[in-house]
Amino acid sequence: MNKEFRDLITLNKEEADVILVGVPFDKNASVGKGASFAPKVLRELSYELPALDRSGNDLRSLKVFDNGDITTEDFDEMKLEFSNRLFANKGFHLIFGGDHSIAIASCRAFYDYAISLNKIPVIIHIDAHPDICDEYDGSKFSHACPIFRSLEYGFKDENVVLVGVRGFEAQEIETFKKKPDLKVFKAKDVDNEGIDSVISYITNKYNSDKYLVYISYDIDANDPSYAPGTGTPEAFGLTSKETMKLITSLVGNLNVDALDIVEVAPPLDVNNITSWLAVKTLYEVFNELIIKK
């Protein structure tokens, strides 16, 4: 038995509730590197964590199948790997990144998957940064570009929501002006309106079976005091309880099919604080999935 997800891991893909792939890739990170180590560290820590959520709810009825790592650096091949190794399998689809550029490939695979099911694909992008640059540092595949690439691929402006942003490039502000249907909840908006208001907006808008939702969770959405181990820490962020409540509420109330956790950078961390936050949040998600079974 693999030493991960103690009491939750299964070697039988057919009985799995959750399908996992890792993407140990951080070559498109622009500041601090280290996210390539996250899939390994998150798996290792998950074995140390009892299969219980923070309220003591037993999670052992949920089973996780680990479908290994995607190691290609070619984004067309990466998209194909996501399609074949993740979305071709039934269950909740979970991704351990990697820098946020991997979402260029995973969101494209998700888009095709949603369309094949006659669903409208939705992205909820939880991040300190909009990641809506057309090009950054001379690359269209930077971790600053996944939302721009997703809109370019076919996602509709009105079906992409950004939450927690507080670090912008000038070109992103110009893009927002050109795309008024793109909903942006800045970190300051969360401060002023509260996370419950954000949750209400998103759940009211997408609470229909016609939508299929992908949550892209950049750990730097959290204030660096909660998540120091990330390549581009940004001050004045969300609390760990706010991000956890946001993600679990969306999973519990919407047709959420996929979740990525990106930009966790263990070499930049302190006592694995950031990695533990990712795993503990994930176990709260698992409880929501059990409730929905």
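Biologist: Why are α7 and α8 called roughly parallel to each other?

Modeller: In this predicted model, the axes of α7 (residues 195–206) and α8 (residues 240–253) cross at roughly 25°. Angles under 35 degrees count as roughly parallel, so the pair gets that label. The angles run from 0 to 180 degrees between N-to-C directions, with axes fitted to C-alpha atoms over the stretch in contact.

Biologist: What makes the contact of α7 with α8?

Modeller: Contact means heavy atoms within 4.5 Å. Among the residues involved are I195, V198, I199 and I202 of α7, plus L246 and L250 of α8.

Biologist: And how do you know about α8 and α9, what is their arrangement?

Modeller: Their axes come within 9 Å and cross at roughly 25°, which makes α8 roughly parallel to α9 too. Residues including M244, I247 and V251 of α8 and L277, V285 and L289 of α9 form that contact.

Biologist: What makes E172, T175 and F176 of α5 buried?

Modeller: Buried means under 20% relative accessible area, exposed over 50%, partly exposed in between (1.4 Å probe, protein chains only). E172, T175 and F176 fall in the buried class, whereas A170, K177 and K178 are exposed.

Biologist: Which residues count, and how are they numbered?

Modeller: Numbering starts from 1 along each chain as its sequence is written. Local features need pLDDT of at least 70, side-chain atom pairs count only at pLDDT 80 or more, totals for chains, interfaces and linings use all residues, and side-chain values use heavy atoms, leaving out hydrogens and water.

Notes: Helix = DSSP H or I, 4+ residues; strand = E, 2+ residues; numbered from the N terminus. Parallel < 35°, antiparallel > 145°, perpendicular 65-115°, else oblique.
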